[in-house]
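Keep the structure open as you read.

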Amino acid sequence: TMSLVTISNAAFKDADKITADHEEAVEVMSAIGVLVGDEKQNFNAKDNLTRAQAAKIISYLLLGNKTAEALAGSGKFTDVAKTSWFAGFVDYCASTGVVNGVGDGKFDPNGQLTGYQFAKMLLGALGYDATIQGFTGTDWQINVSKIANLVGLFEGLNIKGTDVLNREQAAQMAFNTLKSPLVEYNNKGGNVTINGAVIGISASDYEYVTTTIAKEQTISKQYLSNTNKGIYTVEFAERYYPDLTLTADEDDFGRPARTWAYNKETVGTFVNYDQLVAEYTVKVTGKTMYTDIGYKNIDDYATYAFEDGVTVKNFDADKVLTKNNDKAVLTSGKGVLTQVFVNDTDETITIVVIHTDLARRNTSLLKSTRRRIASRITALLSRMPLTSLTSRKAITCSLTLRTARSWPFPSPRS
């Protein structure tokens, strides 16, 4: 069984077993006190998530760990003893409609969960009504899939919705929930009696929860629409974790990054791989990069270039990124990591070249840091010769190329 002790990712003794793709999720969810380890301070990333553990995650998300830990079981299910560590979480989630039993008055606390099943719980936490949205009945998986993909609950995961979730995958989905907008309903339908006649009232469509207070936009500054600027959507963390902040940043190599902080203490800075459109470990020509980025972006966007964290002065994209340039872009080549990021919001292109032998020369790195560097270099070099990823669709489908954090080399700028 899992302990009720909450520890940070840094304290997990088996942190090296956490897949690099999910480290950002685990670290942030640990920092806000949602993720827990066992009695031996292990996270057990590859263990399957149980229904009881899922109920605890949801309870922690909605209530915070202190309030959630005070929950008491009320015996809603015959297989959930009031004295079990998860009784309060299960009964709370059941009372709010976030979770359901499996029939015959049972909950099956040790049962496994699929991606769709956990997504259904998380969508409930975001405010979606299971009945109105069709999360019950024969088509429930289809309906859950539509909205879960719409709000991005499966971002960073390369799984089927019917696959059984492990703990680090569940962490990723819970992390994605933090960044997702809340919804509400003007009315949820029902029956009213007028002069003895029963009249059914249809439920309204869901609407996004909004605010006009810009300073409360600690996670996203997403407008309700382009015609409603000044009206912002309210993301889950902005309501339930107002002390958690997400700031656009860059890492030591100049790559677009996200910096998370909780209670004004930095959790970590992680490369924003959502903006990655191409990467190479062989020589890449201006012609190839021109095709991969798309000429319209090159013509309209500002372009910045970095080599090992140093700004490349006088980089002329109009001359380098052309359909006829067969010369190498900067010092790209075999064993050199070249990455291209495109920010459509800011209309910028960032080209970063990293000479990976820096990792081999630097002996002062922590073991965990060297592991992350080596893991990514090995994965990239194993696919050589690698030409490119030719579209954003390709990078979205090739989730194995994305990691959720930067390579934390000592700053080359210092």
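A residue counts as buried when its relative accessible area is under 20%. Phe154 has 13% relative accessibility, so Phe154 is buried. The model is a predicted one.

**Aromatic pairs**
- Two rings pair if their centres lie within 6.5 Å, and planes over 60 degrees apart count as edge-to-face.
- By this rule the model holds 12 aromatic pairs.
- Take Tyr116 and Phe154: their ring centres are 6.1 Å apart and their planes meet at 85°, so this pair is edge-to-face.
- The two partners come from distant parts of the chain, 38 residues apart.
- Tyr116 belongs to helix α5 (residues 115–125), while Phe154 lies in the loop between α6 (140–151) and α7 (167–178).
- Tyr116 is buried because its relative accessibility is 17%.
- Elsewhere, ring pairs join Tyr60, Trp85, Phe86 and Phe89 into a cluster.

**Charges over rings**
- Arg51 places its charged end over the ring of Phe107, 4.3 Å from the ring centre.
- Lys120 has its charged end over the ring of Trp140, 5.7 Å from the ring centre.

**Helix α9**
- Which residues of helix α9 (residues 286–293) are buried? They are Gly286, Met289, Tyr290, Asp292 and Ile293.
- Gly294 follows α9 and has a positive phi, near 105°.

How values were computed
Residues are numbered from 1 along each chain as its sequence is written. This is a predicted model: local features need pLDDT of at least 70, side-chain atom pairs count only at pLDDT 80 or more; totals for chains, interfaces and linings use all residues. Side-chain values use heavy atoms; hydrogens and water are left out. Rings of Phe, Tyr and Trp (its six-membered ring) pair if their centres lie within 6.5 Å; planes under 30 degrees apart count as stacked, over 60 as edge-to-face and the rest as tilted. Helices (H or I, at least four residues) and strands (E, at least two) are DSSP runs, numbered from the N terminus. Buried means under 20% relative accessible area, exposed over 50%, partly exposed in between (1.4 Å probe, protein chains only). A charge sits over a ring if NZ of Lys or CZ of Arg is within 6 Å of the ring centre and within 35 degrees of the ring normal.
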